[in-house]
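Subject: Structure for you to look at

Hello,

Here is the structure I said I would pass on. My notes on one pair of helices follow below.

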Amino acid sequence: VPYPARYRSPYPRTKALAEQAVVRASSAGIRTIILRPHLIWGPGDNHLVPRIIERAHRLRRIGDGRNLVDTVYIDNAAEAHLLAAVALKKRPELSGRIYFISQGEPIPLWDMVNAILKAGGHKPVRKSISSNKAMVIGTVLEWVYRVLRLNGEPQMTRFVAEELASAHWFDIGAACKDLGYRPKVSTTVGLQRLKEWLENEHKTV
């Protein structure tokens, strides 16, 4: 699939630019493998899990809730990197190739969000808004933040609205075949570990 001509936000654009730089490095003689771990989560997460939990009481499901997503537990993501290093040493011809890394278990996105909320001791998301309304809200908030030069990021953006309303999961067959990747920690086990970590974090606060 080619890179898009336009990006919804700087985040995917900079990821794509970095990836292309690594591919060019491979063409220049440096052995590289590009991994695309999708939505990493687990104990110690300072990005995805905290954002979901911090917004637990004001989250709204966007769209019909049937869009599938595949994430990756942190230990599996780390294992993929180790496997890539070993594979690259044994098979130099893999240099420059790109691999998706995930649990290999696509599930409804909002089931995953609710599972993370449950691990943090919160109730599931009940209310919802349409994807079109979320996109309008994101567009307006982006404009307000840009014009008024506000710090931080809007509660909703076009990129986030699209991410939460659309399906995004990928075939990890190439990683399994070339790198020997197999998700060792299931989503169920990972969520239990996340729950235990969050409980311990709460006790120490």
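Helices α5 and α6 are roughly antiparallel to each other, a label used for angles over 145 degrees. Their axes come within 7 Å and cross at roughly 160 degrees; the axes are lines fitted to C-alpha atoms over the stretch in contact, with angles from 0 to 180 degrees between N-to-C directions. On the α5 side the contact (heavy atoms within 4.5 Å) involves residues including Ala 134, Gly 138 and Glu 142, and on the α6 side residues including Phe 159, Ala 161 and Ala 165.

This is a predicted model, in which local features need pLDDT of at least 70, side-chain atom pairs count only at pLDDT 80 or more, and totals for chains, interfaces and linings use all residues. Residues are numbered from 1 along each chain as its sequence is written, and side-chain values use heavy atoms, with hydrogens and water left out.

(Helices are DSSP runs of H or I with at least four residues, strands runs of E with at least two, numbered from the N terminus; the expected span is 1.5 Å times one less than the number of residues.)

Which residues of α5 are buried? They are Ala 134, Gly 138 and Glu 142, where buried means under 20% relative accessible area and exposed over 50%, with a 1.4 Å probe and protein chains only. Strands β3 (61-62) and β8 (128-129) are among what covers them, as is α6 (158-165). The face turned away from the buried side carries the exposed Asn 132, Val 136 and Leu 148. Just after α5, Arg 149 has a positive phi of about 55 degrees.

Regards

Key: Angles under 35 degrees count as roughly parallel, over 145 as roughly antiparallel, 65 to 115 as roughly perpendicular and the rest as oblique.
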